Amino acid sequence: MAPRYELAVGLDKGHKTTPNTLKKRPGKNKGASTKHNRFVRDLIREVAGFSPYERRALELLRISKDKRCLKFLKKRIGDHDRAKRKREEMSAVLQAQRKAQK
C-alpha cells in the first residue's frame, strides 16, 4: 500500500496535529447534585411546598391522566424532556405520599 500523505481533500485532509488536552472548566460542573445541594433543595421543598402548576400536575396524576399531565407540563415548562422529567418527579412524590399513608 502506498504511504499516506497530507492531502488537501477527503475525510482526513490537512496537516495532522495532536489534540490539545484542556483542563475542565469550572462552569462544566454547575448544577451538579451534591449532598449539600440535595439537602437544601429538600428543605426548600418542605418549607415552600409545591407551586400551583405542580399541584395541578399532581392532581392529574392522581386521577391517572398521565398523558394530559405531560401535555400540561409541556405547555408550562416549554420542553418535552423537562416535562417528562417533572412528571416522573411528581409521580415519585405521589408514590412517597401513598407509602407514608400506609
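Axes here are lines fitted to C-alpha atoms, for helices over the stretch in contact, and the angle between two of them runs from 0 to 180 degrees between N-to-C directions. With that in mind, open this predicted model and select helix 2 (52-62) together with helix 3 (66-77). Their axes come within 8 Å and cross at roughly 165°; because angles over 145 degrees count as roughly antiparallel, helix 2 is roughly antiparallel to helix 3. The crossing of the two helices is left-handed.

Next, show the side chains at this contact. Helix 2 contributes Tyr53, Arg56, Ala57, Leu60 and Leu61, while helix 3 contributes Asp66, Arg68, Cys69, Phe72, Leu73, Arg76 and Ile77. Sorted by class, the contact of helix 2 with helix 3 has eight nonpolar and four charged residues, with no polar ones.

Now keep helix 2 and select its buried residues, which are Glu54, Ala57, Leu58, Leu60 and Leu61. If you look down the axis of helix 2, these buried residues fall within an arc of 160°, so they line one face of the helix.

Finally, move to the loop between helix 2 and helix 3 and select Ser64. Is this residue buried or exposed? Ser64 counts as exposed, because its relative accessibility is 60% and the cut-off for exposed is over 50%. Its backbone deserves a look as well: most residues other than glycine have a negative phi, whereas the phi of Ser64, which follows helix 2, is positive, near 50°.

Technical notes. Residues numbered from 1 in each chain as written. Predicted model: local features only at pLDDT ≥ 70, side-chain atom pairs only at ≥ 80, totals over all residues. Heavy atoms only, no water. Helix = DSSP H or I, 4+ residues; strand = E, 2+ residues; numbered from the N terminus. Buried < 20%, exposed > 50% of the residue type's maximum accessible area, 1.4 Å probe, protein only. Parallel < 35°, antiparallel > 145°, perpendicular 65-115°, else oblique. Left-handed = near helix turned anticlockwise from the far one by under 90°. Contact = heavy atoms within 4.5 Å. Nonpolar A, V, L, I, M, F, W, Y, C, P; charged D, E, K, R; others polar. Arc of directions from axis to C-beta.
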